[in-house]
Amino acid sequence: MNLEKISVQLSYMLRHSREPMYITTDGGWASVDTVLKALRERYPQMERALLEEIVATDNKGRYSFDETGERIRANQGHSIPDVQVEMEFPEPPEYLYHGTAQRFLESILQD
């Protein structure tokens, strides 16, 4: 089973799907049971363990479960109006660095 393809489908469901709309506008949460049922229509072998693996191994941290494990959401990038995803923002460190190309350095220092 190709987890990358399933992740693409999951991303669509949790960020863009309007009909049916799988998520709530309050936090962008969707029922894990509903998501699994929908994914099984295309991937009959889909199980919760695979969903957990997708969430745990996604290198961009696209998805999260709620504290009960009964709901899932995409953490960003919703195209559905009024979806408000509340996320905790860490305190930034004292110094932040931004990489830039050497050829832009003089202009950056001037302006």
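Which residues touch the most other members of the largest nonpolar core? In this model they are L10, L14, V35, M46 and I72, out of 21 residues in that core. By a nonpolar core I mean a set of buried Ala, Val, Leu, Ile, Met, Phe, Trp, Tyr and Cys residues joined through side-chain atoms within 4.5 Å. Buried means under 20% relative accessible area, exposed means over 50%, and partly exposed is in between, with a 1.4 Å probe and protein chains only.

Before going on, the ground rules. This is a predicted model, where local features need pLDDT of at least 70 and side-chain atom pairs count only at pLDDT 80 or more, while totals for chains, interfaces and linings use all residues. Residues are numbered from 1 along each chain as its sequence is written, and side-chain values use heavy atoms, with hydrogens and water left out.

The largest share, five residues, comes from α2. As a general remark, nonpolar side chains in soluble globular proteins tend to be buried together.

Take L14 as an example. Not counting residues up to four places away in sequence, L14 touches I23, A30, V35, Y63, I72, R73, A74 and H78. Contact here means heavy atoms within 4.5 Å.

Next, helix α2. Its buried residues are V32, V35, L36, A38 and L39. They lie on the same side of α2, because they cover an arc of only 165 degrees around the axis. That arc is taken from the directions from the helix axis to the C-beta atoms. In general, an α-helix has 3.6 residues a turn, so residues three or four places apart point the same way. What do the buried residues of α2 pack against? They pack against α1, β1, α3, β2 and β3. On the face turned away from the buried side, α2 carries the exposed residues D33, K37 and E41. The N-terminal end of α2 is capped by S31, with a side-chain oxygen 3.3 Å from the backbone nitrogen of D33.

Now the sheet. Three strands form an open sheet in the order β1-β3-β2, with antiparallel pairing. Two strands pair if DSSP finds at least two bridges between them. The edge strands, β1 (30-31) and β2 (63-65), each pair on one side only.

Which residues face each other across it? β1 and β3 pair over two bridges, and the bridge partner of A30 in β3 is I72. β2 and β3 pair over three bridges. Y63 stands opposite A74 in β3, and F65 stands opposite I72. β2 and β3 also form a hairpin with five residues between them, and G69 in the turn has a positive phi of about 80 degrees.

L3 lies in helix α1. Is L3 buried or partly exposed? At 22% relative accessibility, L3 counts as partly exposed. Leaving aside neighbours within four places in sequence, L3 is in contact with L50, E53 and I54. L3 and L51 are 48 residues apart in sequence, yet 8.8 Å apart in space, C-alpha to C-alpha.

E53 is in helix α3 and is partly exposed, with a relative accessible area of 37%. From E53 to V32 there are 21 residues in sequence and 14 Å in space, C-alpha to C-alpha.

S7 is also in helix α1. S7 is buried, with a relative accessible area of 11%, and beyond four places in sequence S7 is in contact with I54, D58 and Y63.

S17 sits in the loop between α1 and β1. S17 is buried, with a relative accessible area of 3%. With neighbours within four places in sequence left aside, S17 is in contact with Y12, Y22 and I80.

Terms used:
Helix = DSSP H or I, 4+ residues; strand = E, 2+ residues; numbered from the N terminus. Polar contact = N/O pair within 3.5 Å; in protein donor to acceptor, adjacent residues only side chain to side chain.
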